[in-house]
Amino acid sequence: MIFKAVRDGRPYPEHNLTLKQWAEIPPRPLRLDQLITTKRELALDKLLAEDSTFYGDLFPHVVQWNGGLYLEDGLHRALRAALQQRNQIHARVLVYNGQPE
């Protein structure tokens, strides 16, 4: 099993973080098998693209909520890491208590 679980959607309320606010969170290592995805499907062309992070954040975005680590953005990067036989990634983790920022 690559991920702890696969969901379709976010179980937590909207946090309204901007990309700038995400960029202020330092990345930390996380094991892939701790992550719960918030997307069931992925686009194969994005997975295979060499420049998939060119216009976005280099690090995936994870929301820690109610004891779970939810992979909000970065599914393709996490899956690419798994295909390269890596069991962890560096991600930005928002510890979220359900109150809008």
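Why is helix α3 (residues 75-83) largely enclosed by the rest of the structure?

## Basis

This is a predicted model: local features need pLDDT of at least 70, side-chain atom pairs count only at pLDDT 80 or more, and totals for chains, interfaces and linings use all residues. Residues are numbered from 1 along each chain as its sequence is written, and side-chain values use heavy atoms, with hydrogens and water left out.

## Helix α3

Seven of the nine residues of α3 are buried, so the helix is largely enclosed. Buried means under 20% relative accessible area, exposed over 50%, partly exposed in between (1.4 Å probe, protein chains only). Helices (H or I, at least four residues) and strands (E, at least two) are DSSP runs, numbered from the N terminus. His76 and Arg77 are among the buried residues of α3. Just after the helix, glutamine 85 has a positive phi of about 65°.

## Strand β4 and its partners

Four of the five residues of β4 (residues 61-65) are buried, so this strand too is largely enclosed. Strands pair if DSSP finds at least two bridges between them. β4 runs antiparallel to β5 (residues 68-73), with five bridges. Valine 63 faces tyrosine 70 there. With β6 (residues 88-95), β4 pairs in the parallel sense over four bridges. Glutamine 64 is opposite valine 95 in β6.

## Nonpolar cores

A nonpolar core is a set of buried Ala, Val, Leu, Ile, Met, Phe, Trp, Tyr and Cys residues joined through side-chain atoms within 4.5 Å. The largest has 14 residues; Phe3, Val62 and Ile89 are among those with the most contacts inside it. Its largest share, four residues, comes from α3. A second, separate core of 10 residues includes Tyr12 and Val63.
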